[in-house]
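Subject: Structure for your review

Dear colleague,

Please find below the structure that I am handing over to you.

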Amino acid sequence: MVDPRMSIIGERLAKIGRVVAISSGKGGVGKSMVASTLALALVRDGFRVGLFDADFTGPSTHIILGIAQDVQPKEDRGLVPAEVEGLSYMSLVYFIGDKPAPLRGVDVSNALIELLSVTQWGRLDFLIIDMPPGIGDAVLDLVRLVRKIEFLIITTPSLLAFEVVKKQAALLGELKMPLIGVLENMKRDNASVIEEQTKKLGLKYLGAVSFDLKVEAAIGNPAKLLGTALGETMGTIEKALAEKREF
């Protein structure tokens, strides 16, 4: 039997220009920081932007953006995302709070379908999705449910982190998913290993974000976040996305 919510998802996403999934092979590479800051950079330049925290392993964009607990989505024939720093915001945290979400298999799928079917994004230029790390059920479900999704992969300079990126890129390639490219985060030197490895995979190297202690200090303060090295790099990527040009 076909789940009636599936057809509703297409309607909910119909007025969104581009859906950009910020993903990573493993946790701890700054994926949520990138997703949040990219969304802020797009808003700053006048775009209508949504940010969807779909990280079932531990949603954290609400902490990064400093969202107060009383800022909640509103019910109106579904859920209207909260308005945060000029962007439309939805997160799993609204449903699980600070508790762990030990969801598996069909439960993950059901939760995603429910969130996507009830959320009324309206008209957006960009929807940024903070993805769960890795290539598990949640990622595969989002690929299946969000037809026009594009992937931007985050890695660190660690070759161990990049080994997982290789597997993720291979899977997304097999699924014929559009790959925007790979961004190297928290870089401390001038080594070009990740850039070279990325190009060997036939993927675009989107550049590097220098390690910046100011990023940690800017958590909870969006204005400060945009002034960090991460904010500057996201400004460059945001402009390339907006102009639909090559990096």
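In this predicted model, the axes of H5 and helix H6 (residues 137-145) come within 10 Å of each other and cross at roughly 40°. On the H5 side, the contact is formed by Val108, Ser109, Leu112, Ile113 and Leu116, and on the H6 side by Ala138, Asp141, Leu142, Arg144 and Leu145. Of the residues in this contact, seven are nonpolar, one is polar and two are charged.

H5 (residues 106-118) also packs against helix H1 (residues 5-13): their axes come within 8 Å and cross at roughly 45°. H1 and H5 are therefore likewise oblique to each other, but this crossing is left-handed. Arg5, Met6, Ile8, Ile9 and Arg12 of H1 meet Asn110, Ile113, Glu114, Leu116, Ser117 and Val118 of H5. This contact comprises six nonpolar, two polar and three charged residues.

Which residues does Ile128 contact, leaving aside its neighbours within four places in sequence? They are Val20, Ile22, Ala35, Leu38, Ala39, Leu42, Val49, Gly50, Leu51 and Phe52.

With kind regards

Definitions and conventions:
Residues are numbered from 1 along each chain as its sequence is written. This is a predicted model: local features need pLDDT of at least 70, side-chain atom pairs count only at pLDDT 80 or more; totals for chains, interfaces and linings use all residues. Side-chain values use heavy atoms; hydrogens and water are left out. Axes are lines fitted to C-alpha atoms, for helices over the stretch in contact, and angles run from 0 to 180 degrees between N-to-C directions. Helices (H or I, at least four residues) and strands (E, at least two) are DSSP runs, numbered from the N terminus. Angles under 35 degrees count as roughly parallel, over 145 as roughly antiparallel, 65 to 115 as roughly perpendicular and the rest as oblique. A crossing is left-handed if the near helix is turned anticlockwise from the far one by less than a right angle, and right-handed if clockwise. Contact means heavy atoms within 4.5 Å. Ala, Val, Leu, Ile, Met, Phe, Trp, Tyr, Cys and Pro count as nonpolar, Asp, Glu, Lys and Arg as charged, and the others, Gly among them, as polar.
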